[in-house]
Amino acid sequence: MAMLLPLILTIFAFIGGAHLAMDTTAGERERQSLEPLLATPVPRAALVGGKMLAAVLLGLLSMLLILLSFKITASLVSGMGRQMDVSFLAMGKLLLTLFPLVLIGAALIGALAAGAKSMKEAQSHIMWLMMLPMLPAYGLMAYPLKDTAMWQYAVPFLSQNQLIQKITRGEVASLGQWGLYLASSLGLAAALWALAVWRYKQEKLAISG
């Protein structure tokens, strides 16, 4: 459970809003409903922000349902499951940990979908995107690391993995670890959002087919 839970949570947080992010870009382009939207005098940053917000809200809703089911399940089982921290405070910390990952996933998938001409082409990215959260988990299985090194909290997916394990074990992360994690994760999300805005400003996005 200690190895699988971070993997499950990071994967679903990362791609929780993927379908909506793809549908509002590649799907609208395929249905030829994106061109009229791009012709309006709305800034491209606002368009990207609105689409990203919708995907993030859907991703957060899925995370709330997953965390609720995890809390209920862990409360009912016996043995090792009883040793995991499933308090509401721990669930809140997990949601805070996963929130930047939802932002990163929505922004990255939105940027990739902006270059796709159809939903099928956009969906082709999902397989390798799902591999990204798995790499740190497999790496930790082969080469376990102590979670005391600060640099780990600046590495995407690895930082979430370490924080999730800390929280479920009932350990407390330092303010420095939280600060480095949130700064690096939100910074990456902002950079990917800027990339998506740049992709939306390209004229070829308004060309279907």
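Mentor: This is a predicted model, and we start with F14, which has a relative accessibility of 1% and therefore counts as buried, the cut-off being under 20%.

Trainee: Which residues does F14 touch, leaving aside those up to four places away in sequence?
Mentor: F14 touches L101, I104, G105, L108, I109, L129, L132, P133 and F157. In the largest nonpolar core, which has 50 residues, F14 is also among those that touch the most other members, together with L9, M22, V56, F70, M91 and L94. Helix 5 gives the most to this core, with 13 residues.

Trainee: How are the rings of F14 and F157 arranged?
Mentor: Planes over 60 degrees apart count as edge-to-face. Here the ring centres of F14 and F157 are 5.1 Å apart and the planes stand at 90°, so this pair is edge-to-face. The pair links distant parts of the chain, since F14 belongs to helix 1 and F157 to the loop between helix 7 and helix 8, 143 residues apart. F157 is buried as well, with a relative accessible area of 11%.

Trainee: And how should I read the packing of two helices?
Mentor: Two packed helices are described by the angle and the distance between their axes. The axes of helix 1 (residues 4-15) and helix 5 (residues 88-113) come within 6 Å and cross at roughly 45°, and the two helices are therefore oblique to each other. On the helix 1 side the contact is made by L9, T10, A13, F14 and I15, and on the helix 5 side by L98, L101, V102, I104, G105, L108 and I109. By class, this contact has 10 nonpolar, 2 polar and no charged residues.

Key
Residues are numbered from 1 along each chain as its sequence is written. This is a predicted model: local features need pLDDT of at least 70, side-chain atom pairs count only at pLDDT 80 or more; totals for chains, interfaces and linings use all residues. Side-chain values use heavy atoms; hydrogens and water are left out. Axes are lines fitted to C-alpha atoms, for helices over the stretch in contact, and angles run from 0 to 180 degrees between N-to-C directions. Helices (H or I, at least four residues) and strands (E, at least two) are DSSP runs, numbered from the N terminus. Angles under 35 degrees count as roughly parallel, over 145 as roughly antiparallel, 65 to 115 as roughly perpendicular and the rest as oblique. Contact means heavy atoms within 4.5 Å. Ala, Val, Leu, Ile, Met, Phe, Trp, Tyr, Cys and Pro count as nonpolar, Asp, Glu, Lys and Arg as charged, and the others, Gly among them, as polar. A nonpolar core is a set of buried Ala, Val, Leu, Ile, Met, Phe, Trp, Tyr and Cys residues joined through side-chain atoms within 4.5 Å. Buried means under 20% relative accessible area, exposed over 50%, partly exposed in between (1.4 Å probe, protein chains only). Rings of Phe, Tyr and Trp (its six-membered ring) pair if their centres lie within 6.5 Å; planes under 30 degrees apart count as stacked, over 60 as edge-to-face and the rest as tilted.
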